[in-house]
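Here is a short briefing on a predicted model.

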Amino acid sequence: MQNQTILVLDFGGQYKELIASAVRELGVFSMIKPGSMPIEDIKALKPIGIILTGGPNSVYLNSSPKCDKALFELNIPVLGICYGMQLMCHILGGEVGSSIKGEYGKVLIKNESARNSKIMPSRDFIALMSHRDSVKKVPSGFDITAVTDDCIAAIENTDINLFGVQFHPETKDTSFGKEIFKNFVFDICKATGDYKLGDYLSEEIKNIREKVGNKKVLLALSGGVDSSVCAAILDKAIGKQLTCVFVDHGFMRKNEGDWIESIFKNYNFKFIRINAEDRFLKKLKDITCSEQKRKIVGQEFIKVFDEESKKVNAEFLGQGTIYPDVVESGGEDGKSAVIKAHHNVGGLPDDFDLNRLVEPLRGLFKNEVRALGKKLKLPKNLVHRQPFPGPGLSIRIMGEVTKEKLDVLRDVDAIFRQEVDKLTPGKKPSQYFAVLTNTKSVGVKGDARTYDFVVALRAVTTSDFMTCDYTRLDHKLLSAASKRITNEIASVSRVVFDITDKPPSTVEWE
Ligand code: XMP
């Protein structure tokens, strides 16, 4: 089944996945390939349109990544974004240079075209810029369709269907970004919108059945979105041939292990839960460094999972690898699988035959995985679950992890989440949780002086977790959470709210 394809050629742009994802949201298939992809390979893919991403380099340096000039002669529409637009200009005889000052952040884009542009909105708008180099002279045949106070913001040559924008239409900070992609994909590339998740699902189910035959598959199920959707697809495809192992390391949130079990124990597959809190706590005794905690939890996870694998004797290993994992590890050559394994399952033996991996999500972005989860009737609160780190609460307890601290943090975290969950869905932060600091502080409860834990509340709003704003939660909500925490949990004397963005902070405290 060959969908119409928009090819995203990557020149090191940090937003390449947002670009590909924006195209797919329009019902048009997209894939990301390196900017250096040979022209013959590009032709073989038969893309209906090509998008060149941004990147951190200067096009006029010899060492910078380039594409073949022939790319612009294929009779396929091209949209260059940021570095991609500069590259187009540089190769086609325009001029690109460094500016005295850069443009970083939201900038007013002024509509410049006397006639109607085929791609740009016919009005001024705000867009995200992130560049110092800019186009100084456009190649012959190109029109300037938008400018800012400091640079040429958009160009086009409609005779040969080449377009460029200096700003980033793929980010939420650009208004009308979606309209620009729509114009490019539908009006210029003539897409029909033939990419549908339902087709992906039936195709994958067919592929899994062909690959697995009547053999057994083992899957490490964490209860996260990816492994859960992976389990639900495998269940539909091969049902009873699947065994899912849920290693409960004891660092889950309040009642979370039981919740995950209650969702999955009614499926056709065999569900094994290993309660290993004591074992993990012993391993973390006296450990205070967060990186060491991560390493130890990961290693112990492999051990537990390996022990269970041996009992199951499965020929195939399922994995919730998703498309960004594939892209970030350099492509479709199988290395991605190993990297995901290192992150989530903990690692595959060096001689593991990658043909024995079943990865039904490897073509999907996270939002598509969630949509598929809904299609497969997984509970809404699972499909829209906020991210939760693999090592769990062990890295939200500063200093040594003990059973007592875990129980306190679980209770604090549950109260905070209950209060935030009263917000309407669109108003909720992207991630919100509590941290048990390594500090105690003086308090007064009743007439007695106390000396107890200081807990911190953290809530962030973001689209990609690479940068985040702290969420400006209402003071009434914060006050209600603080009152409940100090009233209901005896060993907490003080509650603080984290008001730092990322950067300079990270989301997690450790
Ligand atoms: P940071 O703290 O790096 O977090 O700003 C960004 C996102 O990554 C999650 N995170 C982790 N996820 N294992 C994981 O599976 C980890 O060790 C880990 N550390 C951070 C974090 O929750 C946030 O969503």
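Aspartate 248 sits opposite asparagine 275 of strand S12. Strand S11, residues 242-248, pairs with S12 in the parallel sense, over six bridges. Both strands belong to an open sheet of five strands.

**The sheet**
- The strand order is S12-S11-S10-S13-S14, and the pairing is parallel.
- Strand S12 (270-275) and strand S14 (357-358) are the edge strands. Each of these two pairs on one side only.
- Strands of a sheet pair through backbone hydrogen bonds, in either a parallel or an antiparallel sense.

**Helices on the sheet**
- Helix H6, residues 225-238, packs on the sheet. Helix H6 touches strand S10 (217-220), S11, strand S13 (316-318) and S14. The direction of H6 makes about 160° with that of S10.
- Helix H9, residues 290-312, lies across S10, S11, S12 and S13. Helix H9 runs at about 160° to S10.

**Around the ligand**
- The residues surrounding the ligand include Arg294, Pro387, Pro389, Pro391, Phe465 and Glu508.
- Also among them are Gly390, Gln431, Lys502, Thr506 and Val507.
- The shell divides into five nonpolar, three polar and three charged residues.

- Lysine 502 has a polar side-chain atom 2.7 Å from an oxygen atom of the ligand.
- For glutamine 431, a polar side-chain atom lies 2.8 Å from a ligand oxygen atom.
- Glycine 390 places a backbone N or O atom 3.0 Å from an oxygen atom of the ligand.
- Taken alone, the ligand exposes 500 Å², and the protein buries 70% of that.

Methods. Residues numbered from 1 in each chain as written. Predicted model: local features only at pLDDT ≥ 70, side-chain atom pairs only at ≥ 80, totals over all residues. Heavy atoms only, no water. Pairing = 2+ DSSP bridges. Helix = DSSP H or I, 4+ residues; strand = E, 2+ residues; numbered from the N terminus. Contact = heavy atoms within 4.5 Å. Axes fitted to C-alpha atoms, helices over the stretch in contact; angles between N-to-C directions. Near = heavy atom within 4 Å. Polar contact = N/O pair within 3.5 Å; in protein donor to acceptor, adjacent residues only side chain to side chain. Areas by Shrake-Rupley, 256 points an atom, 1.4 Å probe, with all protein chains shown as cover. Nonpolar A, V, L, I, M, F, W, Y, C, P; charged D, E, K, R; others polar.
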